[in-house]
Amino acid sequence: MTTSTVAVRKPVAWRRVALHLGCLAALLVMLYPLAWLLATSLKPADEVIASLDLLPGSLEWSNYTTALDGVNDVSVWQLLGNSLFIAGGAVVGNVLSCSLAAYAFARLRFRFRGPLFAFMIATIMLPHHAVLIPQYIIFNQLGMVNTYWPLILPKFLATEAFFVFLIVQFMRGLPRELEEAARIDGCGPFRSFFLVILPLTRPALITTAIFTFIWTWNDFFTQLIYLFSPEKFTLTLALRSFVDASSQSAFGPMFAMSVIALLPIVLFFLAFQRFLVEGMANSGIKG
């Protein structure tokens, strides 16, 4: 090995070390809020605001006991069940309706398909708050306010244009010979969709399910608008009620409940993360 070769490899090795150190520093910065949340959930009430130390002076496990008792005479298990019901219904609705709409745009031929697809994509730029009042008026006239219908029903109408676009891009990459073979065997559009296209679209569907679950679980504003009764509250709404009910003395249990609310999202993501990467890589966000 010559001296020049060693001189070339040394800068490359140092750049690699610097890159790894930079990535590690960025990881620590991103994980710090999570570490702070976990530590604060075990702090006594007087340390939550008075102390800036990351580690608690003493472990206050009673925070989790208080959090598990729930708020407004509603247990945390009922709150968790409400959140899971809403998030699960949203996942089923988005996966089913968005995949059907995407199949129509990606594989079927009909008049004004291009303009309709462009109009649907344009709705991505429409702020959610712009349609919130008309939606509330409609659901109020239908008697659905203070129920879970306003949070779940729109998901079954393919209102999430981003997911429709995601699945459309994935379906466009599938060979049409598969549908032609199914058509020769006597399959119509619906049978071709359910028996041929839908199984092959699994990565994009799982990506849709993951994002829908996380966004619905973390949604606070929409649930605050439509849900009034404490027994229908989700974990997200319960966190606000926790502070309102006990003021500053409840910061420890509030952070403990935040940790409990975070666990389902972490577990859901860890269970399907490999499908998320595969779906994003193959769905055609590449343009």
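The model is predicted, so local features need pLDDT of at least 70 and side-chain atom pairs count only at pLDDT 80 or more, while totals for chains, interfaces and linings use all residues. Residues are numbered from 1 along each chain as its sequence is written, and side-chain values use heavy atoms, without hydrogens and water.

Start with the largest pocket. Its volume is about 990 Å³. A pocket here is an open set of points on a 1 Å grid over the protein atoms alone, where a 1.4 Å probe fits, with protein on both sides within 12 Å along at least five of seven lines. Lining residues have an atom within 4 Å of a point. The volume is the space filled by probe spheres set on the points, which are joined across faces, edges and corners. Of the 33 lining residues, H128, Q135, K155, T159 and E160 are the closest to the centre.

Several helices give two or more residues to this lining, among them α4 (76–107), α5 (113–122), α6 (128–141) and α8 (161–171). Helices are DSSP runs (H or I, at least four residues), numbered from the N terminus. The most comes from α6, with six residues. By class, the lining has 21 nonpolar, nine polar and three charged residues. Ala, Val, Leu, Ile, Met, Phe, Trp, Tyr, Cys and Pro count as nonpolar, Asp, Glu, Lys and Arg as charged, and the others, Gly among them, as polar.

Now take α4 and α5. They pack at about 140 degrees, with axes 10 Å apart. Axes are lines fitted to C-alpha atoms over the stretch in contact, and angles run from 0 to 180 degrees between N-to-C directions. The pair is therefore oblique; under 35 degrees would be roughly parallel, over 145 roughly antiparallel, and 65 to 115 roughly perpendicular. A104, F105 and A106 in α4 meet R113, L116, F117 and M120 in α5, where contact means heavy atoms within 4.5 Å. These residues are six nonpolar, no polar and one charged.

α4 also packs on α10 (residues 189–200), at about 105 degrees and with axes 11 Å apart. That makes the two roughly perpendicular. On the α4 side are S99, L100, Y103 and R107; on the α10 side are P189, S192, F193, I197 and L198.

Finally, α5 packs on α8 at about 130 degrees, with axes 8 Å apart. So α5 is oblique to α8. F117, M120 and I121 in α5 meet A161, V164, F165 and V168 in α8. This contact has seven nonpolar residues, no polar and no charged.
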